[in-house]
Amino acid sequence: MELEARLVALVAEAVVPVLKPRGYRKKRLTWMRETPDAAHEIVLQRSHGNGGDHLRIYIEGAAYVPAFDEAIGKSVPASMTAGTPQYRQRFESIADWPAQWIDLETWSHDALVPQLREAMEILADHLDAIRSADELAAAKLAVSTGLDVDLFAWWCVTGNEAERTAQYRQALATFGQEERWPRLRAQFATVASRHGLSLPD
């Protein structure tokens, strides 16, 4: 079976059976779902280096929660699916996949289908748990390097002094010696000031 045909079969056997019952709608290799409180997206992305004997795909999940943007003072679109996801993560870190991608030519179809289907279940379950602003903040915190200014704004709005201080200190410790730090620090300071706060020591 040619690689393109294998991809079509893989999607039909490992992806659609997981996402369709959960309310996702497919457009090309993107699946979208809108719930009363959040929008979720799962994307299979082709590598630019694909050829006749090589087909690599990346998979990522994303979530948009309008209540989070409302809380930190950002505008919210009329349709949640038009919102810019505040959380986006590659599936290998969520589903514990052994690589950053899937090279179809290195797998047998019979081996890949059940493993990918299980990974898609884990990814879908992960997004199912991101529906509220609190849940989104927790998901963002789990993958944050400290530079997420929107997450910093959330700690300011919710009065979480401990997390606000921890995030700023993480950013300072990780990026404080870089040339761009004054610009990054100014962004944190602007957010803090907007909420009547100063930067942590």
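# Strand pairing and helix packing in a predicted model

Arg25 stands opposite Met32 in strand E2, where strands (E, at least two residues) and helices (H or I, at least four residues) are DSSP runs numbered from the N terminus. The model is predicted, so that local features need pLDDT of at least 70 and side-chain atom pairs count only at pLDDT 80 or more, whereas totals for chains, interfaces and linings use all residues. Residues are numbered from 1 along each chain as its sequence is written, and side-chain values use heavy atoms, with hydrogens and water left out.

Strand E1 (residues 25-27) pairs with E2 in the antiparallel sense over three bridges, pairing being assigned if DSSP finds at least two bridges between two strands. These two strands form a hairpin with two residues between them, and Arg28 in the turn has a positive phi of about 55°. E2 also pairs with strand E3 (residues 39-46), again in the antiparallel sense, over five bridges, and the hairpin of E2 and E3 has four residues between the strands. Within E2 (residues 30-34), Trp31 and Arg33 make up the covered face, while Thr30, Met32 and Glu34 make up the uncovered one.

Two packed helices are described by the angle between their axes and the distance between the axes. The axes here are lines fitted to C-alpha atoms, for helices over the stretch in contact, and angles run from 0 to 180 degrees between N-to-C directions.

| Helix pair | Axes come within | Crossing angle |
|---|---|---|
| H6 (residues 149-158) and H7 (residues 161-175) | 8 Å | roughly 155° |
| H7 (residues 161-175) and H8 (residues 181-194) | 11 Å | roughly 170° |

H7 and H8 are therefore roughly antiparallel to each other, a term used for angles over 145 degrees. Their contact (heavy atoms within 4.5 Å) is made by Arg164, Gln167, Tyr168, Ala171, Leu172 and Phe175 of H7 and by Trp181, Leu184, Arg185, Phe188 and Ala192 of H8. These contact residues divide into eight nonpolar, one polar and two charged, with Ala, Val, Leu, Ile, Met, Phe, Trp, Tyr, Cys and Pro counted as nonpolar, Asp, Glu, Lys and Arg as charged, and the others, Gly among them, as polar.

H6 and H7 are likewise roughly antiparallel to each other. In the contact of H6 with H7, Leu151, Phe152, Trp155 and Cys156 of H6 meet Glu163, Arg164, Gln167 and Tyr168 of H7, a set that divides into five nonpolar, one polar and two charged residues.

The buried residues are Val149, Leu151, Phe152, Ala153, Trp154, Trp155 and Cys156, and what covers them includes helix H2 (66-71), helix H5 (133-143), H7 and H8.

Leu7, found in helix H1 (residues 3-19), is buried with a relative accessible area of 3%. Neighbours within four places in sequence left aside, Leu7 is in contact with Leu29, Arg46, Leu55, Ile57 and Leu104. The C-alpha atoms of Leu7 and Arg56 are separated by 9.8 Å, although these residues are 49 residues apart along the chain.

Glu92, which lies in helix H3 (residues 91-95), is buried as well, with a relative accessible area of 14%. With neighbours within four places in sequence again left aside, Glu92 is in contact with Ile59, Trp97, Ala99 and Gln100.

How values were computed: Buried < 20%, exposed > 50% of the residue type's maximum accessible area, 1.4 Å probe, protein only. Parallel < 35°, antiparallel > 145°, perpendicular 65-115°, else oblique.
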